[in-house]
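Trainee: Could you take me through the features of a protein model, giving the general idea before the particular case?

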Amino acid sequence: MKLKKLFLPIFLISSFCALSQNNPVFPGWYADPEGIVFNDEYWIYPTYSAPYEKQVFLDAFSSEDLVSWEFHHRIIDTSEVKWAKKAMWAPAIISKEDKYYLFFAANDIQSDEELGGIGVAVADQPQGPFKDLLGEPLIGKFHNGAQPIDQFVFKDGDDYYMFYGGWKHCNVAKMNDDFTGFVPFEDGTTFKEVTPDKYVEGPFMFKRSGKYYFMWSEGGWTGPDYSVAYAIADSPLGPFKRVGTILKQDMDIATGAGHHSVIKNPEKDEYFIVYHRRPLTETDGNSRVTCIDEMSFDENGHINPVKITNEGVVLSKEK
């Protein structure tokens, strides 16, 4: 049985127009998309892009072909997360032992005196419903100057690392077995700063051919300089030396391209970048849409600059 047959209620959402126009991949204002594969289906967990006071829930989308998407509304909201009042941002998700752990930021805290930060919720299936795991933030304080937002969890062997941080600082921490806290590194520190040059927010990592690709967003999220850059390292802890920019706006297509994730086709060495951008007709900072385009590599393993398109992608089935 296909996983999506278990979802109730489900609303089928296809792309806006014909198959040649697949970007944006689904309707609505959505940003900061986390793309991942669960049970041979592609999933996207985005931020609902609206004024902070209206960002009180998270939606999810699933697809078998990266073209037609099913909508899963309110997989979690502030009625479940009692400490969250606004600005539920940038969900990240990972599965372990038949459980799904959803990480999110809330409240956009500006100091250690405010309640908010990075939370974690758990569910038995990828569409939820998710339940707050701790009843309080997992990270509710500033460490090394990093605002506790924009978390991403990376699995490397048996270890799980959380990368996170806004305000131009990025930390990494090693998670404990049940994702309720962190394990100190050998030097006794829990939150290790790994900020690369020009980092602003939105960290992401994947591994290819034994190398660790660390990626992040630069510039201002409402501005024309918003973009994605990357580094390559031999360890998930770096050091991360900036290689260059691979995703940015195209004034013939859209502005503000950034805050991304990467999906690999499980059947082959094929990668897709999932990101948000702003249509040329829009000036409101919250008018952001989620898109997918191809991401490729040169013979040295460097990421080629991504061409953002209106056509988007169609999943290749050949191995």
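This is a predicted model: local features need pLDDT of at least 70, side-chain atom pairs count only at pLDDT 80 or more; totals for chains, interfaces and linings use all residues.

Trainee: Which residues touch the most other members of the largest nonpolar core?

Mentor: In soluble globular proteins, nonpolar side chains tend to be buried together. A nonpolar core is a set of buried Ala, Val, Leu, Ile, Met, Phe, Trp, Tyr and Cys residues joined through side-chain atoms within 4.5 Å, where buried means under 20% relative accessible area, exposed over 50%, and partly exposed in between, with a 1.4 Å probe and protein chains only. Here the largest core has 39 residues, and F163, F206, M215, I246, L247, M295 and I303 touch the most other members. Apart from this core lies another, of 20 residues, among them L58, I75, M88 and F130. Leaving aside neighbours within four places in sequence, L247 is in contact (heavy atoms within 4.5 Å) with S227, V228, A257, G258, I273, Y275, V306 and I308.

Trainee: Where is A31 found, and is A31 buried or exposed?

Mentor: Helices (H or I, at least four residues) and strands (E, at least two) are DSSP runs, numbered from the N terminus. A31 belongs to strand β2, which covers residues 30-38, and A31 counts as buried because its relative accessibility is 0%. Beyond the neighbours within four places in sequence, the contacts of A31 are P46, T47, S49, H276, R288 and T290. The C-alpha atoms of A31 and R278 are separated by 9.5 Å, although these residues are 247 apart along the chain.

Trainee: How many aromatic pairs does the structure hold?

Mentor: A pair of aromatic rings is described by the distance of the centres and the angle of the planes. Rings of Phe, Tyr and Trp (its six-membered ring) pair if their centres lie within 6.5 Å, and planes under 30 degrees apart count as stacked, over 60 as edge-to-face and the rest as tilted. The structure holds 28 such pairs. One of them, F26 with Y30, is edge-to-face, at 5.7 Å centre to centre and 85° between the planes; F26 is buried at 0% relative accessible area, and Y30 also counts as buried, at 7%. W43 and Y45 are instead stacked, with 5.9 Å between centres and 15° between planes, and both W43 and Y45 are buried. Ring pairs also link F26, Y30, Y48, F57, F61, W69 and F71 into a cluster.

Trainee: Which strands pair with β17?

Mentor: Two strands pair if DSSP finds at least two bridges between them. Strand β16 (residues 211-218) and β17 pair in the antiparallel sense over 7 bridges, whereas 5 bridges join β17 to strand β18 (residues 242-248), also antiparallel. Strand β17 itself (residues 227-233) is mostly covered, with 6 of its 7 residues buried.

Trainee: What is the count of disulfides?

Mentor: A disulfide is a covalent bond between the sulfur atoms of two cysteines. The rule applied is a pair of cysteine sulfur atoms within 2.5 Å, and by this rule the count comes to 0. C170 is buried, with a relative accessible area of 0%, and C291 counts as buried at 0% as well.

Notes: Residues are numbered from 1 along each chain as its sequence is written. Side-chain values use heavy atoms; hydrogens and water are left out.
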